[in-house]
Amino acid sequence: MLARLARLWAGRASSSYEHTEEELVTSLVIGLGNPGPEYAETRHNVGQMVIDELARRGASSLSVSKKTHTRNATVRLAGGPVVIGCPMSYMNVSGGPTSSLAKYHSVSPTDVIVIHDELDIPFGTVKIKRGGGSAGHNGLKDVTKALGTPDYVRVRVGIGRPPGRMEAATFVLKPFSAAERKELPFLVDDAADAVEAILEHGVEAAQMRFHTKG
């Protein structure tokens with residue numbers, strides 16, 4: 001009887017901890033990209049590569065949520081529970097899944113962090129900002145529309161401009177070059193570090209660290 005009561009208490013304690021942890025979630029981190037293996041290694045999907053790194057750091061893996069149309073997980077980062085995820089939709093309709101996941105976890109739009117590829121930043125560079133326009137990035141444009149505000153945080157992962165006369169739309173859907181692939185793990189690490197710095201110290205402190213790097 002005592003053993004049974006002990007198991008029952010342990011089960012309730014575990015459920016209570018999980019519920020409490022879920023209530024404490026205050027931030028959502030989204031990595032933009034396109035679904036499917038044909039896009040997995042392309043420049044446009046670097047945001048999702050960073051989410052995979054954050055999942056690894058949080059000793060977790062992403063699970064499919066049909067309700068929010070995302071792959072997501074709740075992980076412990078910067079000392080607290082954070083929801084990380086990737087829309088299961090194509091880049092230009094990323095907003096719906098992002099908004100759905102934020103609402104599901106009662107996260108304010110201003111507490112959403114979006115990781116995305118950035119043409120206007122040299123490859124290997126990470127920049128951070130809150131708010132602003134989309135600069136032609138269709139994923140950001142749709143997220144802004146769905147959240148109803150541009151005032152979310154962006155972790156901008158530099159992929160550089162296309163060479164020669166190559167169209168930007170073609171460039172972002174190509175895999176990284178052989179030379180870039182050698183440096184890509186360091187770039188992904190830096191972007192994941194930037195997310196953790198934002199969560200732990202805030203946007204301005206993270207900007208001071210990463211905008212003066214190098």
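Visitor: What am I looking at, and what are the ground rules?

Guide: The model is predicted, so local features need pLDDT of at least 70 and side-chain atom pairs count only at pLDDT 80 or more, while totals for chains, interfaces and linings use all residues. Residues are numbered from 1 along each chain as its sequence is written, and side-chain values use heavy atoms, with hydrogens and water left out.

Visitor: How many helices and strands?

Guide: The chain has seven helices and seven strands. Both are DSSP runs numbered from the N terminus: helices are H or I with at least four residues, strands are E with at least two.

Visitor: In what order?

Guide: Along the sequence the pattern reads α-β-α-β-β-β-α-β-β-α-β-α-α-α.

Visitor: How much of the chain is buried?

Guide: Of the 214 residues, 45% are buried. Buried means under 20% relative accessible area, exposed means over 50%, and partly exposed is in between, with a 1.4 Å probe and protein chains only.

Visitor: What share of the contacts is between residues 24 or more positions apart?

Guide: Such pairs account for 69% of the contacts with a separation of 6 or more. A contact means heavy atoms within 4.5 Å.

Visitor: Pockets next. What volume does the largest pocket have?

Guide: About 390 Å³. Pockets are found on a 1 Å grid over the protein atoms alone: a pocket is an open set of points with protein on both sides within 12 Å along at least five of seven lines, whereas a cavity is a set where a 1.4 Å probe fits but cannot get out. Lining residues have an atom within 4 Å of a point. Points are joined across faces, edges and corners, and the volume is the space filled by probe spheres set on them.

Visitor: What lines the largest pocket?

Guide: There are 21 lining residues, and His-44, Gly-136, His-137, Asn-138 and Val-172 lie nearest the centre. Strand E5 (112–118), helix H4 (138–147) and helix H5 (168–172) each give two or more residues to the lining. H5 gives the most, with three.

Visitor: How does that lining divide by class?

Guide: Into nine nonpolar, eight polar and four charged residues. Ala, Val, Leu, Ile, Met, Phe, Trp, Tyr, Cys and Pro count as nonpolar, Asp, Glu, Lys and Arg as charged, and the others, Gly among them, as polar.

Visitor: Where is His-137, and is it buried or exposed?

Guide: His-137 sits in the loop between strand E6 (126–130) and H4. His-137 is buried, at a relative accessible area of 9%. Not counting residues up to four places away in sequence, His-137 touches Leu-32, His-44, Met-91, His-116 and Asp-117.

Visitor: What about the second largest pocket?

Guide: That one holds about 220 Å³ of space. Its lining includes Asn-34, Glu-41, Asp-52, Arg-71 and Met-88. Helix H2 (residues 46–57) supplies the largest share, three residues. By class there are five nonpolar, four polar and three charged.

Visitor: Now the core. Which residues have the most contacts inside the largest one?

Guide: Val-29, Leu-54, Ile-84, Ile-115 and Val-155, in a nonpolar core of 38 residues. Helix H6 (residues 178–201) gives the largest share of this core, nine residues. Apart from it lies another core, of 15 residues, among them Val-25, Leu-28, Leu-101 and Val-114. A nonpolar core is a set of buried Ala, Val, Leu, Ile, Met, Phe, Trp, Tyr and Cys residues joined through side-chain atoms within 4.5 Å.

Visitor: What does Val-155 touch?

Guide: Leaving aside neighbours within four places in sequence, the contacts of Val-155 include Ile-113, Ile-115, Val-126, Ala-191 and Ile-198.

Visitor: Which residues of H3 are buried?

Guide: In helix H3 (residues 95–104) they are Gly-95, Pro-97, Thr-98, Ser-99, Leu-101 and Ala-102. These pack against strand E1 (28–31), strand E3 (70–77), strand E4 (80–87), E5 and H4.

Visitor: What is the phi of Ser-106?

Guide: Near 55°, a positive value in a residue other than glycine. Ser-106 lies in the loop between H3 and E5 and is exposed, at 66%.

Visitor: And Ala-78?

Guide: Ala-78 has a positive phi of about 50° and is not a glycine either. Ala-78 is in the loop between E3 and E4 and counts as partly exposed at 32% relative accessibility.
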